Amino acid sequence: MRINDFHNETYHELSENDYLICTIGYEERSAYLLEKNINTRNSENTLVVIFDDFEYDSWFNNTFDKLNELEIKNVECAYDQSEKYIKTVIRCINDCEQGVEIYIDYSSIPRTWYCGLMLEINRSNIINDIPVHFLYTAGNYPETYSACGIGSLSCFVGKMLPNLEPNKLHIIALGYDVERTQSLINLIEPNTLLACYAYTKLGSKEQIEKVNKDILDGVSAYVPLHLNDFRGMMDRLNELIIEQTRYGQVVIIPDGPKPLIFAMSMISIIHANTNREIICLHVSRNSHMVDDHKVRVKASELENDIYCVKYQRSEESNLGQLKN
Amino acid sequence: MKTKRLADRLQGKEYNNPFNDIKTISSTPITKMQKEFVPTSLFWSLFNSQNEIVIGSRGSGKTILFRMMAYSMLKKLEYDNAKTIVNEKRYFPLYVPMEQDFVESVSNPRLSAEEQERWFVFASNCLIVRSLIYELKSILEDYSFDERLNIEYLLANDIAEMWEIKTRMRKTDLNEIKFVVDNIFSQQDRSEPISRSVPAVFTNTICGVLEVVVDIVYDALKLNEIPTWIVCIDEAEYLKDQHISVLSRRMRSNINHVVLKIADLPFFHSFSSLHSGSEHAADGHDYIKTILKVEEKDFDALTDSLCKSRLQSFYSDDEDITLENFLGKIGHRDDYRDYFKEEFGKNLTTDDINAAIKKQISSSRRETSEKPGRTEKVNNQSIYKKLAPIYYVREMKKKKRGNTKITWFAGAKMVRRISQYNPRLFLRIMGELFNVALEKELTPSNQSEAIEKFASKYRHATQSLMKWGDVIYNNLETIGLELQKNVHVGDLKECGTTFKLKESWFKKDTGWLAVAIAYSRLFVENLEEVDALSSSVVFSLSYIYAVEFWLPMRKDSNSITIPLSTNQRSAYSHEVLKFKEGQEDENK
């Protein structure tokens with residue numbers, strides 16, 4: 001996997017030739033892209049993954065009827081069944097005919113699914129160079145909502161031996177859940193901390209900085225990244241990692257909006273394949289939350305709030321794979 | 001009587017807060033660590049040939065104890081005990097940190113249990129190698145140049161041979177050994193079992209790499225006796241059950257000249273449970289448990305040392321920088337009685353206070369105190385002395401309305417008390433006070449206000465503790481309110497921060513208790529005598545929480561028993577502002 005395998009894209013309506021894999025259940029937003037493209041969907045070009053704990057709600061009734069009418073395939077999957085999801089998607093990719101492109105809606109799925117999928121694609125010898133597009137719909141959140149806390153950290157990719165002299169840099173991502181970020185900082189107890197965050201417009205940049213002021217005051221540096229520019233996020237993160245691993249170890253902890261989590265995780269995969277001392281840790285949700293923390297997130301419904309990135313193995317990646 | 005406050009000289013300055021540099025000890029620069037370290041009797045007692053579990057909450061000082069035991073650190077200390085240990089060379093501790101990211105990176109749940117254990121053994125041995133090489137190089141620094149070259153060559157050659165890595169070495173020195181072992185580690189794919197090409201000494205048993213070179217080091221350094229290698233495993237709280245199993249079996253096997261010291265959080269792991277046929281270490285036989293306890297005088301010395309080292313750059317070299325001098329003192333003792341008088345009138349006499357106490361106690365107790373033949377001396381011992389601290393807190397709380405400033409949570413004694421022997425907490429409180437000192441005079445009332453704000457943030461941050469934050473927060477609210485009621489409602493009586501939990505609490509998952517204790521929200525009285533948490537255990541709410549709930553910071557011999565609250569909804573759920581991705585703000 002290389003940075004050149006990822007390309008920024010503008011969202012467009014899907015055609016019948018485009019294979020859509022979406023996952024329904026976690027929130028209303030999860031059905032948005034499916035509903036938006038329902039006119040071009042059929043039993044051959046769509047796979048719907050449904051969370052096993054999804055209680056069919058009124059917002060899904062019409063779509064559900066339509067899916068039945070179109071005889072669209074569906075697969076049930078539990079939150080912690082990332083392997084099942086990954087195997088299912090990889091089978092789809094491998095079974096695809098020439099000329100078909102895969103579209104994966106990752107707006108409402110856990111990071112173990114979409115990041116795990118890419119880890120598996122990187123690890124296994126999928127020579128098939130079908131383009132895989134990742135689609136993310138921004139959410140329209142309620143005015144205030146309960147935060148989800150932190151369960152635990154697990155290693156996504158990478159490994160390293162602790163150094164006896166402190167020279168480790170943690171790179172964390174900021175969002176609007178300051179408590180969660182603070183909790184994460186308390187948990188990881190960083191030596192040196194660098195923060196990054198993704199924004200879309202200038203207004204949101206200032207908002208994020210304002211909300212995270214206390215955290216930003218305590219970091220060594222912070223890096224704003226443009227959410228619309230996936231490739232730009234990867235390039236910037238790449239520069240940071242190359243620079244920092246010259247002096248010591250780097251621990252990356254993705255968080256915030258999913259495209260940022262995705263970019264941070266992908267750059268980690270790329271560097272874990274080198275000799276650099278880098279680890280990427282994923283945060284899991286807190287399963288012990290007392291309140292009902294299910295947030296009813298709807299899709300933003302603005303055209304430019306759908307973020308797209310295309311993954312297609314470049315020639316260099318294929319050559320690298322063959323050499324290995 | 002007031003003493004000039006050093007803090008007041010900081011007012012109006014734009015200094016970086018030296019107490020904000022609250023990295024964990026493991027990430028603190030080595031020279032700073034050495035400067036701030038104050039060895040206690042517990043520290044010296046760790047130099048022994050026993051497997052040992054050292055138990056303490058986060059920030060209590062376990063890491064610095066383990067780090068400072070290493071030869072490389074010890075030789076720089078100017079203490080007689082340190083010089084003796086260094087000269088005798090009977091003990092060679094190795095610092096082996098089980099950092100969270102390291103442990104997670106070598107734990108892959110997709111592998112079989114056996115392979116996961118093998119991975120842990122392999123990774124730990126690679127880490128032990130790093131520490132061993134580091135320490136050997138430090139030991140060799142004390143030899144002459146020629147001796148050093150010779151010994152290093154011998155060591156490197158023999159160790160490489162013993163570890164079956166000689167063919168991978170380009171040159172024969174200790175750095176090359178580290179390089180080769182690091183390479184062996186980096187070449188392993190964490191998603192796969194350890195390759196069979198890795199020499200068996202790295203994968204068979206934990207500390208195996210060390211055991212096979214004990215004699216080599218003894219010979220090469222020409223020591224008087226074979227030293228004991230103390231493998232100090234820090235941050236064991238991040239280890240999984242299968243890792244603990246490995247360590248436990250290792251302690252059971254009791255190999256000569258290599259012992260384990262393991263730093264763990266209270267009630268996080270059991271090292272001695274029998275597990276599916278394989279026998280584990282026995283507490284008291286294969287290892288001893290040591291509770292990290294700091295004596296008051298040691299904590300006083302430590303806090304003064306931290307103040308001096310962190311504040312020295314702001315004052316002249318001949319300034320006597322202590323916590324007391326930084327915060328200032330009032331009265332003769334600078335304790336809660338002086339601060340009470342500062343608030344309620346310096347002319348208050350002991351008789352005035354005793355009379356006020358008498359009015360608040362129960363009528364039966366008052367009657368007893370007035371019985372004929374009952375002396376004031378007896379009343380003093382049995383009533384006034386015991387109840388005075390509680391009386392003060394009740395009166396202070398009455399005086400504190402809304403945002404009125406009071407003088408109570410102030411002074412060196414109070415700051416130390418609230419820190420509860422936790423150096424990291426002490427540094428955080430000092431960080432807050434330093435910030436205030438830059439803005440305004442650090443009067444007792446300003447100190448008190450700062451500490452109250454800190455306590456409020458601390459309480460709020462409880463929600464964010466990993467996994468159990470919300471549960472801990474809710475439960476501590478229940479407990480705090482019950483204790484508060486016990487103090488402030490009704491007659492004045494003995495009470496404090498201690499309590500028991502009703503049996504109903506233990507019918508639910510009690511994982512939250514261990515985390516609350518680990519993060520110093522709760523304490524267990526007589527921890528050394530408690531094997532498991534139950535309704536018979538006496539707990540204590542932390543003194544930071546005592547600030548929030550206005551509780552007297554003392555134990556109560558008749559701890560109240562708190563029933564389980566049925567209301568589990570968070571009274572203080574933190575909320576996240578709407579994340580308006582790509583949307584115009586409707587209000588603009």
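## Ser253(B)

The backbone oxygen of Arg250(B) lies 2.6 Å from a polar atom of the Ser253(B) side chain; a polar contact is a pair of N or O atoms within 3.5 Å, where within protein one must be able to donate a hydrogen and the other to accept it, and residues adjacent in sequence count only if both atoms are side-chain atoms. The model is predicted: local features need pLDDT of at least 70 and side-chain atom pairs count only at pLDDT 80 or more, while totals for chains, interfaces and linings use all residues. Residues are numbered from 1 along each chain as its sequence is written, chains are lettered from A and ligands numbered from 1 in the order in which they are written, and side-chain values use heavy atoms, with hydrogens and water left out.

Ser253(B) belongs to helix α12 of chain B, residues 241-253. Helices (H or I, at least four residues) and strands (E, at least two) are DSSP runs, numbered from the N terminus. Ser253(B) counts as partly exposed because its relative accessibility is 41%; buried means under 20% relative accessible area, exposed over 50%, and partly exposed in between, with a 1.4 Å probe and protein chains only. Its C-alpha atom is 32 Å from that of Val524(B), a residue 271 places away along the chain.

## Helix α11 of chain B

Helix α11 of chain B spans residues 214-221, and its buried residues are Val214(B), Ile216(B), Val217(B), Ala220(B) and Leu221(B). These residues are on the same side of α11(B), because they cover an arc of only 165° around the axis. The arc is that of the directions from the helix axis to the C-beta atoms.

The cover over the buried residues of α11(B) includes the chain B helices α7 (113-140), α8 (145-162) and α10 (208-211), together with the strands β2 (91-97), β3 (228-234) and β4 (258-264). Just after α11(B), Lys222(B) has a positive phi of about 55°.

Ser542(B) sits in the loop between β8 (539-541) and α24 (543-549) of chain B. Its relative accessible area is 1%, so Ser542(B) is buried.

Lys385(B) is part of helix α18 of chain B, residues 376-399. With a relative accessible area of 56%, Lys385(B) is exposed. The C-alpha atoms of Lys385(B) and Asn354(B) are separated by 8.9 Å, the two residues being 31 apart along the chain.

## Chain B overall

Chain B contains 24 helices and ten strands, and 59% of its 588 residues count as buried. Its C-alpha trace spans about 85 × 75 × 60 Å along the principal axes. Of the contacts in chain B between residues at least 6 apart in sequence, 76% join residues at least 24 apart.

Accessible areas come from the Shrake-Rupley method with a 1.4 Å probe; for residues, only the protein chains shown count as cover. Chain B has 83 positive and 84 negative charges, with mean positions 6 Å apart. Lys and Arg count as positive and Asp and Glu as negative, while His and the chain ends are not counted; the place of a charge is NZ of Lys, CZ of Arg, CG of Asp or CD of Glu.

## Chain A overall

Chain A has ten helices and 16 strands. Buried residues account for 60% of its 324 residues. For contacts in chain A between residues at least 6 apart in sequence, 85% join residues at least 24 apart. The accessible surface of chain A is about 13300 Å², with 43% belonging to carbon and sulfur atoms.

Note on methods:
Contact = heavy atoms within 4.5 Å.
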